[in-house]
Amino acid sequence: MNFKKLADDYGTPLYVYNFDYMKDRFDELKEAFRGRKSMICYAVKANSNISVIKHFAKMGSGCDCVSIGEVNRALRAGVSSYKIIFSGVGKRDDEIKEALEKDILLINLESEAELKRVEMIAKELNLTARISVRVNPNIDPMTHPYISTGLHESKFGVDIDSAKRMYIVAKNSNNLDPVGIHFHIGSQLTELNPIKEASEIVSDLVRSLKVLDINIKFFDIGGGIGVKYDNEERIKPYDYAQAILKTLSGLDMTIICEPGRFLTANSGYFLTKVLYEKVNVDKRFVIVDGAMNDLLRPALYNAYHKVEILNDSKESSIANLVGPVCESGDFFAKDIELPKTSHNDLVVVYSAGAYGFTMSSNYNTRGRACEVSVENEKVRVIRRRESFEDMIALETDLGD
Ligand SMILES: *Cc1c(COP(=O)(O)O)cnc(C)c1O
């Protein structure tokens, strides 16, 4: 990847996505489930650029969406409605209505209260809603607490007993069709055991539902496969698939998998340029033109991203790599060895393809970065840089 040329051609801050890498990861995961009925539903929230969704759609991917906005992105990108899943703990009435009207594959229920609302809205529309229930198997996924979702203390899903009650209510309803079951215990998972245990618990529930003549067709194992940011162990897709399949013996279901980060994180690079260096007493700072409004993960999770400064400097010392935003949390890396820099030296922030641009904002009235894709060595702008006029376009008192 010729980062210097990309930065020269498109400016900084810039997101660059390697579409060939995304395809390799998709194929790798698809291959892992070969011979089984399976469907990959790309988790749109990781990187929701329409070109990215289109890229996966062309490979046959469905989409896991967490708002009606994401459902509409998937549809706009050409994903068939029967491959779209709508998850999330707080769906509004209008979102449920629109999802039902658009006849998506599954609405994923996360509470008994939500089940009642979906039933009511389906009844008003004279429809039958295909639903799944998100089960919270109470498993510690051993990941960062902010992205851990499978413990009872988390807001996601329902416990096994509530899930069972919900399936019985759904079975007896004219407007609900309980065809799926879902769990997602967290993100950036690097250990197989928690996934295996969760899958066992949920597949046991499927067996006990079968006894009640409730036949689950879709076993949705969520996303969460971790990636290498630093030197983490990586779960191999094949081992992942085997671990899940082992828990499903005797059950004939379509496995749905909802990877986000796994497909996109390491396809992405965030390019930014050095503005200044400064030393406060004995603390060295390298200040760049990208900031937390572009890439929030370090500020939000204290997440590690590998950074590299592209210059030939032989001298180096410990420094913080920071952005211009007026927050002490605005950093990319802290206390790392960095070479001596000059104005306009290019900095590459690695593993920026997931939860990067999608979490960006206009904080400090900074326009969002440009996004480009690289596929077969061909570069394409997939979102132009945001201008000042773009940023104020929705505000009212623009005249004098
Ligand atoms: C966030 C999320 C995913 C994707 O998680 P990754 O860690 O990016 O794979 C999948 N399913 C659900 C329900 C989610 O909330």
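A residue counts as partly exposed when its relative accessible area falls between the buried limit, under 20%, and the exposed limit, over 50%. Arginine 207, at 29% relative accessibility, is therefore partly exposed. The model you are looking at is predicted, and a search of the whole structure finds 22 salt bridges. Let's look at some of them, and then at a pair of helices.

- Arginine 207 pairs with aspartate 204, and their closest N and O atoms are 3.2 Å apart.
- Both residues belong to helix H8, three residues apart, which is about one turn of the helix.
- Aspartate 204 is partly exposed too, at 46% relative accessibility.

- Aspartate 335 and lysine 283 form a salt bridge with closest N and O atoms 2.4 Å apart.
- Because aspartate 335 sits in strand E14 and lysine 283 in strand E11, this pair ties together parts that are 52 residues apart in sequence.
- Glutamate 28 meets arginine 234 in another salt bridge, at 3.6 Å from N to O.
- Glutamate 28 lies in helix H2 and arginine 234 in the loop between strand E8 and helix H9, so this pair links parts that are 206 residues apart in sequence.
- Shared partners join Arg25, Glu28 and Arg234 into one salt-bridge network.

- The axes of helices H7 and H8 come within 11 Å and cross at roughly 35°.
- H7 passes H8 in a right-handed crossing.
- Ile160, Ala163, Lys164 and Tyr167 of H7 make the contact with Ile201, Leu205, Ser208 and Leu209 of H8.
- These contact residues divide into six nonpolar, one polar and one charged.

Terms used. Residues numbered from 1 in each chain as written. Predicted model: local features only at pLDDT ≥ 70, side-chain atom pairs only at ≥ 80, totals over all residues. Heavy atoms only, no water. Axes fitted to C-alpha atoms, helices over the stretch in contact; angles between N-to-C directions. Helix = DSSP H or I, 4+ residues; strand = E, 2+ residues; numbered from the N terminus. Left-handed = near helix turned anticlockwise from the far one by under 90°. Contact = heavy atoms within 4.5 Å. Nonpolar A, V, L, I, M, F, W, Y, C, P; charged D, E, K, R; others polar. Salt bridge = Lys/Arg side-chain N within 4 Å of Asp/Glu carboxyl O. Buried < 20%, exposed > 50% of the residue type's maximum accessible area, 1.4 Å probe, protein only.
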